[in-house]
Amino acid sequence: MDTFLGFDAVTLARMQFGFTVAFHFIFPAVSIGLASFLAVLNALYLWTKNEAYLRLFKYWLKIFAITFAMGVVSGITMSYQFGTNWSVFSDIAGPVIGPLMAYEVLTAFFLEAGFLGIMIFGRDKVGPGLHMFACLMVAVGTAISATWILSVNSWMQTPQGFSIGENGQYLPEDWWAIIFNPSFPYRLAHTLTAAYLTTAFIVGGVGAWHLLRGQRENPGVRTMFSMAMWMAAIVAPLQIFLGDMHGINTLKHQPAKVMAMEGHFESHEHGAPLYLFGIPDQEAQELKYAIGIPKLSSLILEHDLNAPLAGLDTIPRDEQPPVAIVFWSFRVMVGLGFAMLGVGLFSLWARFRARLYDAKWLHRAALVMGPSGLVAVIAGWITTEVGRQPYVVYGALRTSEAHSPLGASAVGTSLIAFVVIYFVIFGAGVAYILKLMHHAPALGERGVRVEPGPIRTSGINPDRQMRESGRDIAPETS
């Protein structure tokens with residue numbers, strides 16, 4: 001077998017797609033949340049005329065613009081990989097997933113791109129009403145974009161509404177069934193909520209950083225931290241509830257994935273334990289050093305302490321997903337989810353005692369948990385995608401049968417190139433974002449700078465001309 005550094009072409013192609021998706025996923029997750037956050041900030045400023053909201057809008061707008069750009073660029077390479085590394089999958093499943101991907105571009109990406117420039121540069125050019133509309137359209141566009149992509153992914157997880165043609169292609173028969181497949185509503189709700197929660201903890205982490213550095217009297221810092229903690233307190237329990245619903249749906253349609261998540265190699269006829277810790281040994285088909293709570297898994301999944309749960313002993317070896325990866329990624333995701341809930345409850349306690357801006361341990365916890373949402377969404381994605389194995393279209397098309405006829409050396413070389421280029425280019429982008437976050441939102445915060453140029457709008461006053469040229473440093477007041 002042709003190998004590269006000990007890996008065959010299929011494994012290398014999976015590693016390359018996994019790396020690029022994991023790298024890409026963090027940017028849309030932040031963009032979705034930030035777009036809605038910016039729309040809320042702009043609406044609050046127009047409603048209250050409180051300068052703190054405008055200050056925060058301009059502060060986070062710069063970070064959003066960079067994040068959005070990196071999300072677009074990192075996502076393009078994923079589309080190319082369907083043709084380069086997974087051409088068989090593209091040929092067989094293309095009639096189903098191709099139109100859905102096109103709908104995403106037509107209904108969502110064009111919407112985002114069409115209004116993005118107005119949102120970033122148009123505050124003093126188009127009037128507050130149209131600018132607010134542009135902010136809403138960008139926020140809606142990011143959510144619609146995620147909706148189509150998640151519909152594609154959900155169909156790959158729970159495929160329906162298609163037939164197999166004479167040439168082996170999957171032909172759409174019922175678009176409603178394809179789009180609104182059984183796992184789609186749960187995955188959509190769980191993922192969008194994860195994006196909002198991820199953004200809340202990033203915003204809260206930045207606010208906590210500046211509070212710890214003595215910016216307690218800064219209205220922008222106080223506002224961003226307060227809003228983030230409200231989101232954490234409200235959305236974290238909602239996310240746990242949605243995750244539970246999604247898990248129950250997965251048990252119905254992808255039982256092997258749930259068995260791997262729970263570490264259940266053996267079936268349990270009278271209630272299955274919830275394993276908190278263990279070392280999965282797939283070769284021996286056992287969970288070594290297991291520590292669990294009796295019957296709790298049955299209670300969570302079936303809402304019955306004594307409900308029987310089947311184990312991987314009912315699944316053929318060649319149909320089982322890689323248990324160790326799924327087992328541990330699931331625990332990382334769930335553990336971080338409950339840690340987020342803890343921070344949210346901690347913030348409620350501090351708010352009740354009127355110490356939200358003085359509770360240093362809360363600020364330290366929020367700072368440490370700042371990137372937790374990013375880790376959780378990647379862990380959740382790994383759980384979902386690795387748990388689907390050995391299929392790329394669950395129950396229909398195996399991953400080993402979906403790759404392109406490429407040599408391992410070709411795929412391995414491109415993988416190395418991706419790793420190097422991604423870390424150099426996107427590493428620089430992330431470093432610049434961290435640099436922007438390092439400075440607290442200031443009075444008279446500038447938005448995205450525009451190079452000086454000719455002003456084509458008649459009747460503009462000198463102060464407005466200075467703002468449009470990017471040279472205004474005077475504070476904006478309500």
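Before noting which domains take part, I remind myself that domain bounds come from an automatic or database domain assignment. The model I am reading is a predicted one.

I looked up the second largest pocket and found a volume of about 500 Å³. It is lined by 20 residues, of which Ile 202, Leu 374, Ile 433, Leu 434 and Met 437 are the closest to its centre. Domain 1 (16-181) and domain 2 (191-405) each give at least three residues to this lining. I then checked the helices, and H1 (9-48), H2 (51-84), H6 (184-212) and H13 (408-438) each supply at least two lining residues, with the largest share, 5 residues, coming from H13. By residue type I noted 16 nonpolar and 4 polar residues in the lining, and no charged ones.

Entry two, the rings. My search of the whole structure gave 27 aromatic pairs. One of them joins Phe 64 and Phe 68, a tilted pair at 5.8 Å centre to centre with 40° between the planes. These two residues are 4 apart in helix H2, so about one helical turn separates them. Phe 64 has 0% relative accessibility and is therefore counted as buried, and Phe 68, at 10%, is also counted as buried. I also noted a cluster in which ring pairs link Phe 19, Phe 23, Phe 27, Phe 418, Tyr 422, Phe 423 and Phe 426.

I found the charged end of Lys 49 over the ring of Tyr 45, 5.5 Å from its centre, and Arg 123 over the face of Phe 57, at 4.9 Å from the ring centre.

Note on methods. Residues are numbered from 1 along each chain as its sequence is written. This is a predicted model: local features need pLDDT of at least 70, side-chain atom pairs count only at pLDDT 80 or more; totals for chains, interfaces and linings use all residues. Side-chain values use heavy atoms; hydrogens and water are left out. On a 1 Å grid over the protein atoms alone, a cavity is a set of points where a 1.4 Å probe fits but cannot get out, and a pocket is an open set with protein on both sides within 12 Å along at least five of seven lines; lining residues have an atom within 4 Å of a point. Grid points are joined across faces, edges and corners, and a volume is the space filled by probe spheres set on the points. Ala, Val, Leu, Ile, Met, Phe, Trp, Tyr, Cys and Pro count as nonpolar, Asp, Glu, Lys and Arg as charged, and the others, Gly among them, as polar. Rings of Phe, Tyr and Trp (its six-membered ring) pair if their centres lie within 6.5 Å; planes under 30 degrees apart count as stacked, over 60 as edge-to-face and the rest as tilted. Buried means under 20% relative accessible area, exposed over 50%, partly exposed in between (1.4 Å probe, protein chains only). A charge sits over a ring if NZ of Lys or CZ of Arg is within 6 Å of the ring centre and within 35 degrees of the ring normal.
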